[in-house]
Amino acid sequence: MNFLSLFVLIPLLMLLGLWLARGIGQIRAVMVTGASALLVLAGVLTVMYLNARAGGATNEMLFCADVAWYPALNIHYSVGVDGISVAMLLLSAIIVFTGTFASWRLQPLTKEYFLWFTFLSLGVFGFFISIDLFTMFMFYEVALIPMYLLIGVWGSGRKEYSAMKLTLMLMGGSAFLLIGILGIYYGSGATTMNLTEIAALHNIPVEQQRIWFPLTFLGFGVLGALFPFHTWSPDGHASAPTAVSMLHAGVLMKLGGYGCFRIAMYLMPEAANELGWIFLILTGISVVYGAFSACVQTDLKYINAYSSVSHCGLVLFAILMMNQTACTGAVLQMLSHGLMTALFFALIGMIYGRTHTRDIRELSGLMKIMPFLSVCYVIAGLANLGLPGLSGFVAEMTIFNGAFQHADVFHRTWTVIACCSIVITAVYILRLVGKILYGTCTNEHHLTLTDATWDERTAVIILIVCVAALGMAPWWISGMIGDSVLPIVTLING
């Protein structure tokens, strides 16, 4: 069995273990064991990948395996990873591990919740290791379907409305995506749906690329919160339970940016160069609109959800710049935003669990009442606004540096517009921190509240360490990503 297939096998074993588990103790044991195994596996894969590259491995994809799955339609179970995939697998493993602790005391239907949570994780891991178009699409759907139940059953607020809206919009994007994938396959005249083989053929007619590129980019872009198809995101995040928000914003939205880069742009470079400017405008709007929208929200989750629209827009914006620096920045932004937003949603869930409100007008003086959670919230906020030494600064600087490499007026103008989001982000983060953490507590019921428990501290500390590590020692992962981005960017600009 291929080493990478363990990323699919472990969640399957977790599902079996959860199904057989009796009692909360056994359920927690299965989740912690499985999530720990995935985290160790992702760490081992990262070391193996870096050693293989250092040893002279030059193949675009490493640790590949291929098994015919449905020969009649040339569908194969094909797996392989490059630096981008390895980084995304590491991020996913961290979020699943910390999300398990963030859901430690979840009630009711704990077993059923973790079953769907693990099923969602299975889709995410399967997507990032796949290099067959159809297999990627299948895992993509597996990752989307559990969201409806996780929000609709365990969510809060207008959960049924939010779950239905999210599912319908993402399934609409999937419909575009399926048409685009079939168009790529038949247009390329390939005998397999293997990504690298289709890219090597490089023979999809430009006339067909002009049709399939917008469909594919739009299909993935909906999940990446592309304006104006982003409206599912704030409602979905606001209604989702804490760990689902962490996994959804932290990892699931990254499938959108990853797919746009790996499939839409890599396989249809001529159309990407011709039509990319349209999506560049839309992503530029996403970046600024998301930041402005966060300024006027009063719900903690909505503020973070609109912030995610802005930061995920920055990922797509950087990809469309089509140079190595900007695209490396895009992947770093995926990592940075994944860790930051998971930290934010975890903290918001912990504050809500104690105060039973997310309305910033009803919160104040929390620093004296729950100092640990408050200090962690400040750190998350500083990472979000791009403080040097934390992950947000590294990612955004790399993106804007790459974006400014374009000398033409169009790209420079939109880069300046996107840069404005940094200032807007600082405004809403600093106002928010000042409002809810400092000053005098005006609600006497909040004075008796407790600080974080051990399980909550575990999740939060791990995420903060990762945010700081990426901010202070980015060279090893940025080098790994940059080397893998180069062949894709070379083909796009070829």
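This is a predicted model: local features need pLDDT of at least 70, side-chain atom pairs count only at pLDDT 80 or more; totals for chains, interfaces and linings use all residues.

Reader: Good to know. Which peptide bond is cis?
Author: The bond from Phe 227 to Pro 228 is cis, and its omega is near 0°.

Reader: And where does Pro 228 lie?
Author: Pro 228 sits in the loop between α8 (206-223) and α9 (232-239).

Reader: Okay, phi then. What is the phi of Met 322?
Author: Met 322 has a positive phi of about 60°, although it is not a glycine. Met 322 belongs to the loop between α13 (300-319) and α14 (324-355).

Reader: Is Met 322 buried or exposed?
Author: Met 322 counts as buried, because its relative accessibility is 10% and the cut-off for buried is under 20%.

Reader: Nice. What about His 356, what is its phi?
Author: His 356 has a positive phi of about 60° too, and it is not a glycine either. You'll find His 356 in the loop between α14 and α15 (366-369).

Reader: Buried or exposed, that His 356?
Author: Exposed: His 356 has a relative accessible area of 59%, and exposed means over 50%.

Reader: Switching to strands. How do β1 and β2 run, and how many bridges join them?
Author: They run antiparallel, and six bridges join β1 to β2, which covers residues 75-81.

Reader: What do β1 and β2 form, and which residue in the turn has a positive phi?
Author: They form a hairpin with four residues between the strands. Asn 74, in that turn, has a positive phi of about 55°.

Reader: Last topic, the surface. Which residues form the nonpolar patch?
Author: The patch is made of Trp 69, Tyr 70, Leu 73, Phe 134, Leu 178, Leu 182 and Tyr 186, and together they have about 690 Å² of accessible area.

Reader: Which element gives the largest share?
Author: That would be α6, with three residues.

Reader: And Tyr 70, where is it found and how accessible is it?
Author: Tyr 70 is in strand β1. Its relative accessibility is 46%, so Tyr 70 counts as partly exposed.

Technical notes. Residues are numbered from 1 along each chain as its sequence is written. Side-chain values use heavy atoms; hydrogens and water are left out. Helices (H or I, at least four residues) and strands (E, at least two) are DSSP runs, numbered from the N terminus. Buried means under 20% relative accessible area, exposed over 50%, partly exposed in between (1.4 Å probe, protein chains only). Patches are made of residues with over 30% relative accessible area and no salt bridge: like charges are joined within 9 Å, nonpolar side chains (Val, Leu, Ile, Met, Phe, Trp, Tyr) within 5 Å. Accessible areas come from the Shrake-Rupley method with a 1.4 Å probe; for residues, only the protein chains shown count as cover. A salt bridge is a side-chain nitrogen of Lys or Arg within 4 Å of a carboxyl oxygen of Asp or Glu. Two strands pair if DSSP finds at least two bridges between them.
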